[in-house]
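Welcome! Please take a moment to look through the sequence and the 3D view before reading on.

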Amino acid sequence: MQPIRRSPLRHTFPSPDKSPRVICVTSGKGGVGKTNIVVNLAYCLAGKGKKVLILDADLNLANVDVLLGLTPRYNLHHVFLGEKSLQDILVKGPGGISILPASSGILELSELTEEQKLYFLAEMAELGEQTDILLIDTAAGINKNVIYFTLAAQERIIVLNPEPTSLTDAYAMIKVLSTRHDVKKFRILINSAQSEKEALAVFRQLTAVADRFLDTISLDYLGYIPLDTKLPQAVRSQRLVVETAPDSPCAKKFVKLAAALADEEITSQHDGNIKFFWQGLFEL
């Protein structure tokens, strides 16, 4: 990757009261519907008056733009090359949400030069002042980039579905983050459950295993999204289910979940060794 040539560098970062809330949505297993949750949740949060930015950090299968029927011309790779600013690559989605399209360039995030890091931080800081909530859609699994973004975020939502492999992979992710990186707080969202009874049963299975083998971690049941035929129909039309079928069971759950998150009183956005996402991203 060539050094960033844009100038001048800016070394100012948002003050704590201007820092956005940073929520990482991730999963141990692929195919659990994580990206659908991110985009529908973002739309609903925007409907609650929040300025929402999605960072598509699923580097191997980046598909936020595909789900939304968007065709971004530029992406983060152009930013790292110094050809574009973050503002230049920003794409507007439904409901006024903003999207930072992913690229293979971010694969080298940990290998950027100091100049590139400072430039990127300054650019992100500028976007942060325009953002209430940053949603990070990571890849599935426990690769380097997933860990990277998961640690930098202030809150972590782990998505799983009722499949046994999804549960075991979610546990594996929690185990790695807690034992190797000292992350202790996780929020759990069950997707594609037949009912809340089934979702709670999955959550209890996860907590039982975690309580047995892991020390001092906190798993918070965030809720569930029901299995709903309206969701794949919306995906095929490259639109959001909360737009196309607002009265469907899953759309109603997205609205309810967004309302709960938007109304939360955040007493402490920082739970560990990283004070703010913007600075912490490059300190890992």
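## Starting with a pair of helices

At what angle do helix H7 (residues 164-181) and helix H8 (residues 196-213) pack? The angle is about 40 degrees, and the two axes are 10 Å apart. That angle makes H7 oblique to H8. The crossing of H7 past H8 is right-handed. Two quantities are used here because two packed helices are described by the angle between their axes and the distance between the axes.

Now look at the residues that touch. From H7 come Leu167, Tyr171 and Ile174, and they meet Val202, Gln205, Leu206, Val209, Ala210 and Phe213 of H8. Sorted by class, this contact of H7 with H8 has eight nonpolar residues, one polar residue and no charged ones.

## The overall picture

Keep in mind as you explore that this is a predicted model. The protein has twelve helices and eight strands. Of its 284 residues, 54% are buried.

How much of the contacts with a separation of 6 or more comes from residues 24 or more positions apart? Such residues account for 80% of them. Gly30 and Ala139 give you a pair to find in the view: they are 109 residues apart in sequence, and their C-alpha atoms are 7.7 Å apart in space. Gly30 is in the loop between E1 and H1, and with a relative accessible area of 38% it is partly exposed.

Why can H1 be called largely enclosed by the rest of the structure? The reason is that twelve of its 14 residues are buried. Among the buried residues are Ile37, Val38, Val39, Leu41 and Leu45, and the list also includes Lys34, Asn36 and Asn40. Just after H1, Gly49 takes a positive phi of about 90 degrees.

## Where H1 meets H11

Helix H11 (residues 249-263) is a packing partner of H1: their axes come within 9 Å and cross at roughly 65 degrees. H1 passes H11 in a right-handed crossing. On the H1 side, the contact is made by Asn36, Ile37, Asn40, Leu41, Cys44 and Leu45, while H11 brings Phe254, Val255, Leu257, Ala258, Leu261 and Ala262. By class, the contact of H1 with H11 has ten nonpolar, two polar and no charged residues.

An α-helix has 3.6 residues a turn, so residues three or four places apart point the same way.

H11 itself has 15 residues and reaches 21 Å from its first C-alpha to its last, close to the 21 Å expected at 1.5 Å a residue. Its buried residues include Cys250, Phe254, Leu257 and Leu261. What do the buried residues of H11 pack against? They pack against strand E1 (21-27), H1, E7, strand E8 (218-226), H9 and H10.

## H7 has another neighbour

Let's return to H7. Helix H6 (residues 144-152) packs with H7 at an angle of about 65 degrees, and their axes are 12 Å apart. H6 and H7 are therefore roughly perpendicular to each other. H6 passes H7 in a right-handed crossing.

Val146, Ile147, Thr150 and Leu151 of H6 meet Met173, Val176, Leu177 and His181 of H7. By class, the contact of H6 with H7 has six nonpolar, two polar and no charged residues.

## Two residues with a positive phi

Finally, here are two backbone details to look for. Ser192 has a positive phi of about 60 degrees although it is not a glycine. Ser192 is found in strand E7 (residues 185-193). Is Ser192 buried or partly exposed? Its relative accessibility is 26%, so Ser192 counts as partly exposed.

Gln238 is not a glycine either, and its positive phi is about 55 degrees. You will find Gln238 in the loop between helix H9 (230-236) and helix H10 (241-244). Gln238 has a relative accessible area of 37% and is partly exposed.

Notes. Residues numbered from 1 in each chain as written. Predicted model: local features only at pLDDT ≥ 70, side-chain atom pairs only at ≥ 80, totals over all residues. Heavy atoms only, no water. Buried < 20%, exposed > 50% of the residue type's maximum accessible area, 1.4 Å probe, protein only. Helix = DSSP H or I, 4+ residues; strand = E, 2+ residues; numbered from the N terminus. Axes fitted to C-alpha atoms, helices over the stretch in contact; angles between N-to-C directions. Parallel < 35°, antiparallel > 145°, perpendicular 65-115°, else oblique. Left-handed = near helix turned anticlockwise from the far one by under 90°. Contact = heavy atoms within 4.5 Å. Nonpolar A, V, L, I, M, F, W, Y, C, P; charged D, E, K, R; others polar. Expected span 1.5 Å × (residues − 1).
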